[in-house]
Amino acid sequence: MKKLLILLLCSALFHSGPVFGWGREGHETIAKIAERNLTKRAKKRIEKYLGGHSIVYYAKWMDEYRKTPEYAFTDGWHTAPVDARLHYSDELLNPKRGNAIYGLESAIRILENYREQSDSTVAVNLKYVIHLVGDMHCPAHIKYATHDMKYDVLFEDKYRKAHKFYVHSVWDNEIITVSRIWSVSEWADELDRLPKSDKQAIAAGTPRDWLHDAAVCCEVQFEWAKPDARLGQDFLNKALPLVESQIRKAGYRLARLLNGLFD
Ligand SMILES: [Zn+2]
């Protein structure tokens, strides 16, 4: 009985975990794909500011620091709103909270003159860019004006046992953890196989264009995961390719952004 109680408690804690954007695997795979597509010069300059670490090392940094007093002002930056036409505009910005586009555009503006900034300013704004390009490509982090996103679903684990989940964490973590046991490098190696011309086409445009593309591609999430739906293998067979496509796009776009700033 005691054992059962502990088990129940653990699963309750697990299922109501914080909502933090792509889990570690998602963010780090995006950064790994980006790293593979950085120019030598950009990679070297960036790593100098990151204390010798790679961009992969800091991919999840913003989630780890968003609740600290020093970085509490970034807590609202992890999602990106779109209007009924699935576009971002300045009217959607809540100035008290900010959002991913706001955070990303401000960081880019600062990094455009990185040589005139202090090393620590460059480092922290790099961490913002690395993370926010990832978050704005996560289906659950695009805030649709036209869809309610706050509901639960029943998600099957690898033993086909259904657990109640906030739909948000299914997209953030569960699809990846149920389907992929690869390391970040192995997954990046599998996803980063497009010809150069395709990579360039994906990475063209601005962060606002990328968000629109992400919002269009991910709107199908509301068809696939309706409130209280039971989501099993059929769902995974559609959802995982969407997740992988978003991760790949985010990786190529992050690489182009960083090459543009640091090469
Ligand atoms: Zn985040």
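Which residues does Asp83 touch, not counting residues up to four places away in sequence? Asp83 touches Leu92 and Ala145, where contact means heavy atoms within 4.5 Å. Asp83 is found in the loop between β1 (80–82) and α5 (100–111), and although Asp83 and Ala145 are 62 residues apart in sequence, their C-alpha atoms are 5.3 Å apart in space.

This is a predicted model, in which local features need pLDDT of at least 70 and side-chain atom pairs count only at pLDDT 80 or more, while totals for chains, interfaces and linings use all residues. Residues are numbered from 1 along each chain as its sequence is written, and side-chain values use heavy atoms, with hydrogens and water left out.

Helices (H or I, at least four residues) and strands (E, at least two) are DSSP runs, numbered from the N terminus. Axes are lines fitted to C-alpha atoms, for helices over the stretch in contact, and angles run from 0 to 180 degrees between N-to-C directions.

| Partner of α12 | Angle | Axis distance |
|---|---|---|
| α3 (residues 40–49) | roughly 85° | within 9 Å |
| α7 (residues 167–179) | about 110° | 10 Å |

The contact joins Val122, Leu126, Val129, Ile130, Val133 and Gly134 of α6 to Ala250, Leu254, Leu257, Leu258 and Phe262 of α12; its residues divide into 10 nonpolar, one polar and no charged. Here Ala, Val, Leu, Ile, Met, Phe, Trp, Tyr, Cys and Pro count as nonpolar, Asp, Glu, Lys and Arg as charged, and the others, Gly among them, as polar.

Helix α3 is roughly perpendicular to α12, with Arg41, Ala42, Arg45, Ile46 and Tyr49 of α3 meeting Leu258, Asn259 and Phe262 of α12. By class, this contact has five nonpolar, one polar and two charged residues.

Helix α7 is also roughly perpendicular to α12. Val170, Trp171, Ile175, Ile176, Val178 and Ser179 in α7 meet Phe235, Leu236, Ala239, Leu240, Leu242, Val243 and Ile247 in α12, a contact with 12 nonpolar, one polar and no charged residues.

**Zinc site**

The zinc ion is coordinated at 2.1 to 2.5 Å by Asp63 (OD), His78 (ND1), His131 (NE2) and Asp135 (OD), donors being N, O and S atoms within 2.8 Å of the metal (3.2 Å for Na, K and Ca); water is not among the atoms, so sites may look incomplete. In sequence, the donor residues follow the spacing D-x14-H-x52-H-x3-D. Asp63 in helix α4 (residues 61–65) and Asp135 in helix α6 are 72 residues apart, a pair that links distant parts of the chain. The arrangement is irregular because the four donor atoms subtend angles of 82 to 167°; four donors count as tetrahedral if all angles lie between 85 and 135 degrees, four count as square planar and six as octahedral if opposite donors are over 155 degrees apart and all others between 65 and 115, and anything else is irregular.

Methods:
Parallel < 35°, antiparallel > 145°, perpendicular 65-115°, else oblique.
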